[in-house]
Every structure is written in structure tokens, then in C-alpha cells.
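Student: I have a model open and would like to talk through its features with you. Could we start with the backbone and then move to the ligand?

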Amino acid sequence: MTDPNDIRIAKLLHARADLAPGDPIAPPIVLASSYHLPGLPAEAPFQYGRFHNPSWDAVEHALALLEDAPVVGFPSGMAAIAAVLYSTLRSGDRILLPSDGYYTTRALSERFLGPLGVAFDTRATANFLDGGFAGYRLVWIETPSNPGLDVCDIAAVCAAAHAAGAIVCVDNTTLTPLGQRPLDLGADLVVAADTKAPAGHSDVLFGHVASRDEKLLAAVRDWRKFGGAIPGPFEAWLVHRGLETLELRFARQCDNALAIAQRLAVHKATVSVRYPGLGNDPSHGLARKQMQRFGGLVGVTFADAASAESFIACPFIRPSTSFGGVHTSAERRARWGDAVAPGYVRLSVGCEPLEALWAAMDESLARLA
Ligand SMILES: *Cc1c(COP(=O)(O)O)cnc(C)c1O
């Protein structure tokens with residue numbers, strides 16, 4: 001049987017179907033702020049640049065093919081996350097966030113939702129089911145968590161949260177729809193930063209929300225229209241272009257990451273390695289159950305900050321934040337204040353040919369061992 005993800009990618013590559021002779025194969029970038037609009041506005045497919053844009057439509061259609069769900073695009077991952085929070089929550093609601101997930105989601109909730117009367121609790125991803133979900137309007141999952149790479153059972157959390165009357169949103173940035181499919185596991189909403197692997201070239205920020213619940217997604221779309229956090233047409237076009245090679249790049253990243261995690265795990269210069277694809281990783285059982293791929297992120301702990309920095313100084317590792325790009329990159333997450341050891345490195349494995357990449361890493365490691 002053909003892998004459903006392969007069919008999704010093939011459809012994405014042929015999404016521009018009914019072209020007339022002479023039409024461009026690539027979607028055009030449409031920069032219009034206003035559209036020819038005689039008569040009644042409702043009769044025109046495009047009215048004003050904050051409401052619609054053909055370049056958004058192209059990338060949203062491609063993302064919808066990957067998600068098997070309608071998609072609303074945003075100018076960043078955080079804009080997509082904010083859209084879900086602001087469109088679903090009301091004063092008096094309570095939400096549950098992962099304590100070890102993307103920091104800015106918690107910071108946004110604390111700084112801006114708290115004063116509006118929305119309370120939040122946090123819980124570690126590895127124990128996310130403990131304590132149940134009674135009293136929550138929204139339960140937020142991020143698995144594997146960023147940066148620690150712990151995993152929780154998406155289907156089990158969705159079932160328990162729904163039974164308690166909550167809706168569930170999954171931040172699926174680390175794995176993309178090719179690596180994990182939260183909507184198929186019961187989630188009501190998915191958000192992702194397409195800034196990472198989907199765009200993939202470290203040159204654009206973008207985000208999206210996907211949902212099969214029409215009411216939830218209509219509220220997200222209205223939030224974008226009224227709140228004004230709209231993507232730029234050129235950024236939408238860049239992400240569309242990135243998506244056409246996502247499967248190739250992500251497959252290389254995941255294959256490289258597994259091989260490198262295996263080699264780092266047995267290297268005497270490292271203290272410990274986290275990667276959901278390693279047979280002895282605490283998350284491996286769940287990862288095998290709910291992920292199609294184990295992703296491109298590897299967590300490596302060195303004895304101290306200096307050893308970690310020395311590893312990162314490898315010529316084929318870019319010292320930078322963010323992940324999912326074609327270039328391997330890494331950073332010590334403690335430098336941002338994450339609750340991880342000073343020698344913990346989040347390694348984002350790129351698309352370099354494996355043996356060239358490993359040879360350079362091995363040289364860096366030799367200076368430490
Ligand atoms: C990067 C990231 C975001 C935010 O995306 P931006 O495009 O930087 O706004 C959200 N969640 C996760 C898990 C991320 O890694």
C-alpha cells in the first residue's frame with residue numbers, strides 16, 4: 001500500500017491543476033491591497049488584502065493537503081498560537097500548558113491572558129496525563145517537548161480532556177504533519193511554526209492553524225481578519241516553495257538525526273543523548289506508537305557549558321537558535337534560561353550528507369574526549 005504521506009506530497013506537487021496554456025507552473029505572488037470590486041462585495045472572491053490573498057490560498061491549500069484539514073496561515077508560529085488562544089478563550093477560563101514546552105506560549109499567557117482573566121497551569125509533558133483535565137477549557141500539548149524531547153500520549157490526552165469537557169490544541173512544530181498527525185489522534189486544533197522545517201531555509205517566519213472543526217477554525221479566521229496578523233504574500237510564496245521539498249528534506253533530517261543520535265549516544269565525550277528514535281529512550285515506546293518519523297532534533301548533554309560550546313564550534317554546525325533548516329544548527333538552551341543542564345545542547349540535524357557531517361562532528365568531539 002502507498003504511504004498516505006507519499007500521496008499527500010504527490011498531490012501537493014500537482015495542486016495547481018486546471019492551468020490554461022501559458023499559465024505559470026509556480027503560483028504567482030499577488031501583492032494587491034485592494035481588488036477590483038464593483039457592485040456587491042460578497043460577489044467577489046477577493047475584496048481587501050486583510051481578508052484574502054491568492055498567495056495565502058496557495059500555501060494554505062498545500063498545507064491543507066498535508067494536514068487533511070482546512071488551514072489558516074499566519075505571519076509567524078506565535079501569531080498562529082495567539083490566534084488559537086484569543087479566539088477560543090473567554091474571561092474565567094482555565095488552560096493547561098506544558099511546563100517544558102515552547103517558552104513564549106507560556107509567556108504570552110502570563111503577560112497578556114492573565115490580566116484578561118484567563119488562568120493557566122503547567123504540567124510536565126512526561127507526566128501529562130497525571131491529575132486529569134477537569135476544569136480546563138483548553139489543554140495544550142507539545143510533543144516531543146521543546147527542548148527536552150519528552151513525549152506524551154496524544155490520543156490518551158485527547159480522550160481524557162474531551163471527557164472532562166476541554167478542547168485540545170497540539171503544537172506540532174517539531175515533527176510537521178509528515179512526522180505526527182495530531183488531528184488523526186483526536187486533537188481539535190493543530191498549530192505549527194512553518195518557520196522551521198516546512199519553510200526549511202532559515203529565511204522566513206510563518207505559522208498555521210489546522211482544524212476539522214468548522215466553528216473553531218472560523219473563529220481563528222475571524223481573529224486574523226479583525227486582529228490583522230496577516231501573512232505577507234512573499235512570505236506565503238516562500239513557504240509554498242519550501243513545502244514542495246519538505247518530504248525530501250525532512251526524510252534526510254530524520255535519517256541523519258537517528259544515525260547521529262546513535263553515534264553520539266555511545267561516544268565517550270557525551271554524558272547522555274535524548275532522541276525519540278533511540279530504542280532505549282524513555283519516550284521510544286510512545287514515539288513508535290504515534291509518530292511516523294522521529295524528527296530532526298537531538299538533545300545532547302555534555303559535562304559542562306564549555307564542552308557543549310566546544311562541540312557547537314564544529315564547522316558544519318551553525319550556532320543559532322531555531323531548528324528545522326537545511327543547515328545543521330545547535331545551541332545550549334540554558335543560555336535562554338530553559339530548565340535544562342548547562343551542558344545541554346539542542347542539535348537540529350540538517351540535510352548535509354551524513355558521513356561528511358559526522359566526520360566534522362567527530363573531530364569536534366575528539367577535542368573533548
Ligand atoms: C519556533 C516555535 C514556535 C514559534 O514560531 P515563530 O515562527 O518563531 O513565531 C512555536 N512553537 C514551537 C514548538 C516552536 O519551535
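Student: Where does P144 lie?
Tutor: P144 lies in the loop between strand 4 (138-141) and helix 5 (154-163), where helices (H or I, at least four residues) and strands (E, at least two) are DSSP runs numbered from the N terminus. This is a predicted model, in which local features need pLDDT of at least 70 and side-chain atom pairs count only at pLDDT 80 or more, while totals for chains, interfaces and linings use all residues. Residues are numbered from 1 along each chain as its sequence is written, and side-chain values use heavy atoms, with hydrogens and water left out.

Student: And the peptide bond from T143 to P144, cis or trans?
Tutor: That bond, from T143 to P144, is cis, with omega near -5°. The peptide bond from N146 to P147 is cis as well, with omega near 15°, and P147 also lies in the loop between strand 4 and helix 5.

Student: What is the phi of S202?
Tutor: S202 has a positive phi of about 55°, although it is not a glycine, and it is placed in the loop between strand 6 (189-193) and strand 7 (207-210).

Student: Switching to the ligand, how many residues surround it?
Tutor: The ligand is surrounded by 14 residues, of which the closest are G77, M78, D171, T195 and K196; a residue counts as near if one of its heavy atoms lies within 4 Å. By class, this shell has six nonpolar, five polar and three charged residues, where Ala, Val, Leu, Ile, Met, Phe, Trp, Tyr, Cys and Pro count as nonpolar, Asp, Glu, Lys and Arg as charged, and the others, Gly among them, as polar.

Student: Which helix gives the most to that shell?
Tutor: Helix 3 (residues 77-88) does, with three residues.

Student: How far is T195 from the ligand's oxygen?
Tutor: An N or O atom in the side chain of T195 is 2.6 Å from an oxygen atom of the ligand, which falls under polar contacts (pairs of N or O atoms within 3.5 Å). The protein covers 93% of the 380 Å² of accessible area that the ligand has on its own, as computed by the Shrake-Rupley method with a 1.4 Å probe.

Student: Which backbone atom of G77 is involved, and how far away?
Tutor: A backbone N or O atom of G77 lies 2.8 Å from an oxygen atom of the ligand, and a polar backbone atom of M78 is also 2.8 Å from a ligand oxygen.

Methods
A polar contact is a pair of N or O atoms within 3.5 Å; within protein, one must be able to donate a hydrogen and the other to accept it, and residues adjacent in sequence count only if both atoms are side-chain atoms.
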